[in-house]
Every structure is written in C-alpha cells, then in structure tokens.
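I opened this model to look up its fold and its aromatic contacts. My notes follow in the order I checked things.

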Amino acid sequence: KASKSCAAAAMGLLACLRILLSAILLLVIPLFALLVARGPVDGAGDQGQGFWGSKTASVNWCESDYALSHYIAEFGNSISSLCICATGTYGICRHWHSVESRYLL
C-alpha cells in the first residue's frame, strides 16, 4: 500500500509540474516572439541621464533608462533582480541550521 501511495503522489506531482511548465511556456513564448519581431533597440531616443552618468551601451534591449528614477537605470530589471535576491536570502534563512556552512557562503 505504501508504494502505491508514493507512486500516486509522484504522479500527482508530475501532473502539477507539467501544468506549471505549460503555463510558463504559454507566458514566455509570446515574449520571445516579441523580442524576435522587435529586435534590440538602439536607444537613439533614450537620452535619459541619471545619477550614474550617461548611457554607454550601444543596444537597449528592454526599457528606457532612468524613466522612473534618477538613480535606477532600468526599473523593471532592478525589481526582478531584487526578487531573485530575496528568494535566495529566504532560502538561506530557512536552511541556516540544516546545511553545512560552506553552502551558506
């Protein structure tokens, strides 16, 4: 009985992962199509100069520089990076006492 319940749980988990992967692909593929159709933007109209100086990149892929803040060049990119850092910090805090210290550095 235990092996049947484990197998059923594994099948349920695989079904959930399959649904999650399908949802992610349905959201990401149109974004890639948009990037391919639009291509990189040279940023010729993006003349924003912020706290860190003028723009030095020759290609601006996603968003205008310094559009929302004088201190943040790409606001959306900064917010998504903060989410990634917060997730890693949360993982370290949750497993602080259960892993070797070499994995926490």
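**Overall fold.** I am working from a predicted model. The helices are α1 (2–38) and α2 (75–94), with a loop between them.

**Burial and surface.** I then checked how much of the protein is buried. Of its 105 residues, 8% count as buried. I noted an accessible surface of about 8800 Å². Carbon and sulfur atoms hold 70% of that surface.

**Contacts along the chain.** I took the contacts between residues at least 6 apart in sequence. Of these, 5% join residues at least 24 apart.

**Aromatic pairs.** How many aromatic pairs are there? I count two. In one, Phe51 and Trp52 have ring centres 4.8 Å apart. Their planes stand at 90 degrees, so I log this pair as edge-to-face. I checked the exposure of both residues. Phe51 is partly exposed, at 47% relative accessible area. Trp52 comes out at 63%, and is exposed because the cut-off for that class is over 50%.

The other pair is Phe51 with Tyr71, with ring centres 5.1 Å apart. Here the planes are at 50 degrees, so the pair is tilted. Where do Phe51 and Tyr71 lie? Both are in the loop between α1 and α2. They are 20 residues apart in sequence, so the pair ties together separate parts of that loop.

**Cluster.** Phe51, Trp52 and Tyr71 form one aromatic cluster.

Note on methods. Residues are numbered from 1 along each chain as its sequence is written. This is a predicted model: local features need pLDDT of at least 70, side-chain atom pairs count only at pLDDT 80 or more; totals for chains, interfaces and linings use all residues. Side-chain values use heavy atoms; hydrogens and water are left out. Buried means under 20% relative accessible area, exposed over 50%, partly exposed in between (1.4 Å probe, protein chains only). Contact means heavy atoms within 4.5 Å. Accessible areas come from the Shrake-Rupley method with a 1.4 Å probe; for residues, only the protein chains shown count as cover. Rings of Phe, Tyr and Trp (its six-membered ring) pair if their centres lie within 6.5 Å; planes under 30 degrees apart count as stacked, over 60 as edge-to-face and the rest as tilted. Helices (H or I, at least four residues) and strands (E, at least two) are DSSP runs, numbered from the N terminus.
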